[in-house]
2 protein chains.
Amino acid sequence: MEGVDHLADERNKADFDVEQMKIVWAGSRHAFDLSDRISRLVATDPVFRKDDRTMLGRKELFKNTLRKAAHAWKRINELRLTEEEAYKLRFFVDQPAFTDLHWGMFVPAIKGSGTDEQQQKWLPLAYKMQIIGCYAQTELGHGSNVQGLETTATFDPKTDEFVIHSPTLTSSKWWPGGLGKISTHAVVYARLITNGKEHGVHGFIVQLRSLDDHSPLPGITVGDIGMKFGSGAYNSMDNGVLRFDNVRIPRNQMLMRFSQVTREGKFVHSSVPRQLVYGTMVYVRKTIVTDASIALSRAVCIATRYSAVRRQFGSQNGGIETQVIDYKTQQARLFPLLASAYAFRFVGEWLNWLYTDVTQRLQVNDFSTLAEAHACTAGLKSLTTSATADGIEECRKLCGGHGYLNSSGLPELFAVYAPACTYEGDNYVLLLQVARHLMKTVSQLDSGNKPTGTTAYLGQVEKLLQYRSDVQRAEDWLEPNVLLKAFEARAAWLSVACAQNLSKFTNPEDGFQALSADLAEAAVAHCQLIVVSKFLEKLQQDIPGKGVKQQLQVLCGVYALFLLHMHLGEFLSAGCITPKQGSLANEQLRSLYSQVRPNAIALVDAFNYTDHYLGSVLGRYDGNVYPKLYEEAWKDPLNESIVPDGFHEYVQPILKQQLRNARL
Amino acid sequence: MEGVDHLADERNKADFDVEQMKIVWAGSRHAFDLSDRISRLVATDPVFRKDDRTMLGRKELFKNTLRKAAHAWKRINELRLTEEEAYKLRFFVDQPAFTDLHWGMFVPAIKGSGTDEQQQKWLPLAYKMQIIGCYAQTELGHGSNVQGLETTATFDPKTDEFVIHSPTLTSSKWWPGGLGKISTHAVVYARLITNGKEHGVHGFIVQLRSLDDHSPLPGITVGDIGMKFGSGAYNSMDNGVLRFDNVRIPRNQMLMRFSQVTREGKFVHSSVPRQLVYGTMVYVRKTIVTDASIALSRAVCIATRYSAVRRQFGSQNGGIETQVIDYKTQQARLFPLLASAYAFRFVGEWLNWLYTDVTQRLQVNDFSTLAEAHACTAGLKSLTTSATADGIEECRKLCGGHGYLNSSGLPELFAVYAPACTYEGDNYVLLLQVARHLMKTVSQLDSGNKPTGTTAYLGQVEKLLQYRSDVQRAEDWLEPNVLLKAFEARAAWLSVACAQNLSKFTNPEDGFQALSADLAEAAVAHCQLIVVSKFLEKLQQDIPGKGVKQQLQVLCGVYALFLLHMHLGEFLSAGCITPKQGSLANEQLRSLYSQVRPNAIALVDAFNYTDHYLGSVLGRYDGNVYPKLYEEAWKDPLNESIVPDGFHEYVQPILKQQLRNARL
């Protein structure tokens with residue numbers, strides 16, 4: 001049966017051009033070619049094999065990760081890969097490593113916050129990896145609240161140095177990836193003190209380990225913080241703990257682009273606008289949104305393919321059973337996730353545009369769109385990562401018992417994705433930031449401040465509060481404007497309801513605290529509106545390829561109507577739709593599921609993932625699941641011997657009724 | 001600071017009698033004493049330590065599990081523990097092991113399906129563990145659908161034997177715990193064939209391994225199926241694969257309580273009613289509901305205590321930050337889970353009564369309540385396990401970044417709990433069974449069949465469809481009857497709406513398939529009604545102890561109003577409440593959260609979990625979290641050496657720019 005495509009029938013059913021959809025998913029022909037080429041390069045290199053990853057102990061796994069990182073760096077240099085190609089290569093290696101932090105946080109921190117002089121000194125070393133760096137911000141007792149950090153950097157004018165110190169146990173740096181065992185340097189965030197006065201939190205370049213023998217420098221205590229969720233997952237990363245006992249660094253290792261400490265110890269702000277920091281946050285979070293679409297699409301690809309392979313029930317006479325994907329409960333759980341993957345992809349694409357726009361404006365000191373852009377990326381980061389984490393776990397359950405095996409790839413995908421809900425802003429903290437922006441926007445409506453960007457709809461708040469949908473038949477829900485208006489009316493109603501409740505409090509901050517659960521719901525509604533509206537906008541574009549746009553229209557409908565069904569109470573409370581219209585929406589949703597069904601396999605093929613990247617026996621391209629599951633099983637370390645280690649000491653005495661005398 | 005209780009202030013705030021609540025939670029004074037005594041016994045025994053569990057490789061972990069199982073059995077015998085005490089001891093050891101299947105599935109299968117003669121032969125061997133057994137039902141290609149199993153047991157009248165055979169790859173037994181490396185025997189489920197005719201699936205006792213040297217017997221291929229979700233979790237269990245190549249067993253090893261094959265190969269049913277099998281399913285599933293309340297309460301205990309220890313934001317001047325538990329978003333996520341833990345506990349208690357009732361009726365051949373009891377336990381298994389799995393992961397997120405560390409205990413708790421959503425009936429398959437029962441009940445209403453038990457409310461369906469809540473103020477929602485009627489009206493409306501839509505189909509089975517997503521929602525509404533009504537019934541009882549009943553009333557309100565808020569769309573669509581009343585319910589919910597807040601720590605103390613059983617640095621009874629997190633970190637294998645294994649081969653060459661020549 002080698003070489004047989006068990007999903008060929010499914011692929012033949014599709015009524016759209018899969019190759020064109022691949023381009024749409026990738027974003028461009030260039031992006032497709034790049035991913036396609038690099039992913040195959042990684043997949044065919046035996047050093048990058050992943051199938052044994054979850055069976056390795058912590059130390060073996062870590063060593064294996066170091067090997068892959070070195071091999072990746074070697075290949076990058078040998079093949080003279082561009083920065084873009086090198087990034088893709090590390091991406092497809094698909095194993096968290098210290099290099100992620102070096103390239104993704106350490107280098108950008110110096111680029112973003114270092115002066116030209118500092119960049120000239122440090123970047124060449126980092127680019128050649130003569131030093132390896134990490135990003136040491138969070139502390140044992142302090143996560144989300146950067147202003148609560150306790151580590152101090154006290155200027156000593158006598159020696160022209162900063163003294164970096166950890167005054168308490170809770171001030172220990174905790175979590176930074178790459179810190180535990182590998183990094184030679186770190187950008188350390190600390191509370192700046194000069195002339196006995198505090199000046200907030202700033203970044204400092206600190207060498208941690210000797211470049212000769214890799215031992216920690218005097219005054220530095222550093223180590224790994226221990227095992228984390230999953231068998232492999234982030235256990236390939238040396239998340240670290242770091243304590244400073246009065247460690248001295250030269251004054252010029254404070255990152256001084258935004259503010260400086262002079263030779264005399266005077267703290268001064270530079271002329272560079274601090275708002276640029278928000279530009280960086282927009283950048284990081286828009287990347288996270290794109291990553292969400294990738295992680296979710298991987299899980300959906302696995303669950304969709306296996307749902308077409310797997311059969312259960314439906315036969316009374318021992319005949320062939322029904323494909324699981326034909327069950328409506330399976331479709332009602334799986335297809336909204338498929339639609340979400342596409343929706344997140346397109347909103348990520350739009351965020352790329354937004355980031356470019358913000359950056360261009362920042363260059364000419366135009367900060368007018370920054371607050372809105374910041375709130376919007378924060379909210380989308382929260383929405384998409386929460387939905388993706390939940391969605392991966394749902395995909396695991398959709399694979400039945402076998403989804404629980406590591407060879408399904410799904411447990412690891414979940415464990416490695418889960419932190420996205422917490423890092424770069426806890427998802428609930430972020431929702432409240434969005435809510436603050438919404439409340440501010442609503443409160444300024446009367447003063448004639450016209451809301452812009454994704455909050456523009458709030459300019460029509462009066463109209464929206466009066467809006468009543470005119471849907472009469474199920475198919476009316478396919479009308480883009482019908483969907484859009486319903487989502488706008490619901491979001492506007494929730495924001496206004498919160499604003500009205502807030503106004504009852506004499507102290508607005510007390511009100512914000514008391515109502516924060518409701519405010520988070522208003523923020524979610526706002527963010528869902530953004531995703532729906534950007535999907536609808538995407539459909540306004542010219543999209544070539546037979547049937548491609550039609551498929552996307554179906555998926556857009558699934559995404560929006562699924563959300564409407566899930567949050568029906570809000571739409572009904574807003575009064576923008578009636579229970580009867582809600583029921584018609586559900587009817588239409590069922591009909592859309594039937595349209596997705598024949599195209600489901602082709603829609604996940606469009607992600608163009610190699611079997612290596614997918615890392616799942618259940619999600620194999622050829623659908624040849626059962627023989628491979630069987631084959632994988634025998635690789636487990638427990639199968640190295642017939643009689644397992646420990647049997648003679650601990651089981652034999654039980655069976656032989658000799659336990660009383662056994663030494664355990 | 002050793003010995004200081006960092007949560008003492010929190011404990012002093014409670015305005016109810018915690019000791020009395022412990023009895024309520026345990027179910028009785030006897031149950032409390034038993035758990036308290038055995039859990040301490042386990043906690044103080046160094047062999048049962050758990051803190052290193054997630055750092056062990058697969059083989060070490062497995063060996064450690066064998067050691068614990070042997071030690072547990074030794075202690076059980078030395079202390080002459082009763083069956084109840086022995087069960088508790090294995091429970092508090094808290095590490096999945098082959099013994100779970102031996103005692104929990106193998107022994108009960110023989111007791112339930114073996115004849116008196118078979119029981120006399122096999123049970124003494126099993127009780128003394130002279131043989132160790134497992135339960136081999138599911139196959140590589142067949143999970144939920146038992147009738148789809150492919151393994152055959154063909155009677156050979158020439159030798160008076162059954163020939164057990166695996167005709168295909170997908171017929172390989174797959175998943176049975178204890179099978180992979182340890183069990184000497186199994187109850188194997190296979191398709192019975194005699195005289196060339198099939199007679200459905202039956203159980204057979206099959207010896208798998210030699211009692212001398214533990215090697216697999218001729219014709220048997222057996223091994224472990226590989227690593228599963230999590231670092232430790234179920235990787236301590238040897239879930240196995242098993243193939244038969246025409247393995248012969250004597251005829252008297254077919255479990256013959258319900259049907260027999262005679263010496264001549266004739267298949268005959270015994271007079272024992274087959275409905276007894278459903279009694280067993282009720283038993284297993286009611287146990288799962290109780291286990292759900294335990295797993296959820298563990299996670300809630302950890303998240304609640306750490307939310308009181310952890311501080312973030314809320315201070316502008318570097319002063320002490322706000323306890324995370326004081327944030328309303330934290331409360332709105334955490335307290336419904338706390339309430340759910342109690343709710344599931346009480347519905348589990350009621351299921352115990354139901355099981356006793358069903359058993360007594362079965363003994364006098366009264367099957368009248370069986371269908372309803374079966375549907376009800378199936379639905380509650382589905383509802384409580386889904387909510388618990390999601391709830392554990394939510395608790396992990398509620399602990400912020402540190403929840404991702406294995407030392408928090410939460411990743412392992414999730415990974416070990418997740419299978420409960422799939423085993424003993426996939427949760428969606430079960431919901432559809434409930435829906436079938438509901439549709440049957442509704443369809444028989446006209447013919448005067450009075451619905452009983454948990455479906456009794458459907459007898460008043462006309463009234464319920466007309467029901468309009470008379471809530472006018474937020475506190476009206478505290479009225480038990482107001483809550484109950486709203487939940488009844490919503491559940492009735494959903495069932496009737498499904499029944500009406502079903503009636504539009506000419507083929508009812510087509511309709512059931514097409515509407516199955518809606519039917520699952522109706523089933524959920526029905527099950528939530530059961531939980532709410534059983535909580536309300538519990539509050540009708542006399543509950544001693546200062547403030548105990550009041551606390552439970554608050555939690556009952558939280559549970560019900562949280563569900564109402566989450567499913568608002570259904571309540572509004574049913575017309576039983578108005579948007580205004582929905583908003584008042586939300587207002588009341590906020591006020592209940594404030595009442596839970598000062599009692600939160602005491603409410604989780606009432607679970608009476610030892611720090612050993614909880615297995616979480618974040619959930620420590622004394623709240624001394626940060627020093628212990630710091631201490632735990634250093635135990636990681638990566639911290640055994642300053643310079644990690646692999647550094648010299650794979651990192652040094654990068655730093656020294658000598659990668660080109662390195663052998664990787």
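This briefing covers the chain interface, the annotated spans, the strands and the salt bridges of a predicted model.

Chains A and B share an interface that buries about 11500 Å². The structure holds 83 salt bridges over all chains. Residues are numbered from 1 along each chain as its sequence is written, chains are lettered from A and ligands numbered from 1 in the order in which they are written, and side-chain values use heavy atoms, with hydrogens and water left out. Local features need pLDDT of at least 70, side-chain atom pairs count only at pLDDT 80 or more, and totals for chains, interfaces and linings use all residues.

**Interface of chains A and B**

- The size of an interface is often given as the accessible area lost when the parts come together.
- Of the area of about 11500 Å² buried between chain A and chain B, 64% is on carbon and sulfur atoms. Buried area is the accessible area (1.4 Å probe) that two parts lose on being put together, summed over both.
- Phe229(A), Tyr404(A) and Leu638(A) supply 7% of the area that chain A buries against chain B, more than any other three residues.
- In chain A, 130 residues are in contact with 130 residues of chain B. Contact means heavy atoms within 4.5 Å.
- The rule finds 12 salt bridges across the interface of chain A and chain B. A salt bridge is a side-chain nitrogen of Lys or Arg within 4 Å of a carboxyl oxygen of Asp or Glu.
- Lys397(A) forms a salt bridge with Asp390(B). Their closest N and O atoms are 3.5 Å apart.
- Between chain A and chain B, 44 residue pairs are in polar contact, both residues being at pLDDT 80 or more. A polar contact is a pair of N or O atoms within 3.5 Å; within protein, one must be able to donate a hydrogen and the other to accept it, and residues adjacent in sequence count only if both atoms are side-chain atoms.
- Helix H4 (residues 58-78) of chain A gives the largest share of the side of chain A that touches chain B, 10 residues. Helices (H or I, at least four residues) and strands (E, at least two) are DSSP runs, numbered from the N terminus.
- By class, the side of chain A that touches chain B has 62 nonpolar, 38 polar and 30 charged residues. Ala, Val, Leu, Ile, Met, Phe, Trp, Tyr, Cys and Pro count as nonpolar, Asp, Glu, Lys and Arg as charged, and the others, Gly among them, as polar.

**UniProt spans in chain A**

- UniProt places "domain: Acyl-CoA oxidase/dehydrogenase middle" (unreviewed entry) at residues 134-247 of chain A. UniProt positions are given in the numbering used here, feature names are shortened, and annotations may be inferred rather than shown by experiment.
- Residues 134-247 of chain A are 0% helix and 41% strand, with end C-alpha atoms 17 Å apart.
- UniProt places "domain: Acyl-CoA oxidase C-terminal" (unreviewed entry) at residues 480-656 of chain A.
- Residues 480-656 of chain A are 72% helix and 0% strand, with end C-alpha atoms 74 Å apart.
- The UniProt annotation "binding site" (unreviewed entry) covers Thr138(A) and Gly177(A). They span 40 residues in sequence, yet no two of their C-alpha atoms are more than 10.9 Å apart, so they gather at one spot.
- Thr138(A) is found in the loop between strand S1 (133-136) and S2 of chain A.

**Open sheets**

- Chain A has an open sheet of 3 strands in the order S4-S8-S7, with antiparallel pairing. Two strands pair if DSSP finds at least two bridges between them.
- Strand S4 (173-174) and strand S7 (220-224) are the edge strands in chain A, and each pairs on one side only.
- In chain A, 2 bridges join S4(A) to strand S8 (residues 240-244). Trp174(A) has Val241(A) as its bridge partner in S8(A).
- Chain B also has an open sheet of 3 strands in the order S4-S8-S7, with antiparallel pairing.
- In chain B, 5 bridges join S7(B) to strand S8 (residues 240-244). Val222(B) has Leu242(B) as its bridge partner in S8(B).

**Hairpins and a salt bridge in chain A**

- S2(A) and S3(A) pair in the antiparallel sense over 5 bridges. Their hairpin has 4 residues between the strands, and Asp160(A) in the turn has a positive phi of about 60 degrees.
- Asp160(A) forms a salt bridge with Arg263(A), the closest N and O atoms being 3.6 Å apart. Asp160(A) lies in the loop between strand S2 (152-156) and strand S3 (161-165), and Arg263(A) in the loop between strand S10 (259-261) and strand S11 (267-269), so the pair ties together parts that are 103 residues apart in sequence.
- S3(A) also pairs with strand S9 (residues 247-250) of chain A, antiparallel over 4 bridges.
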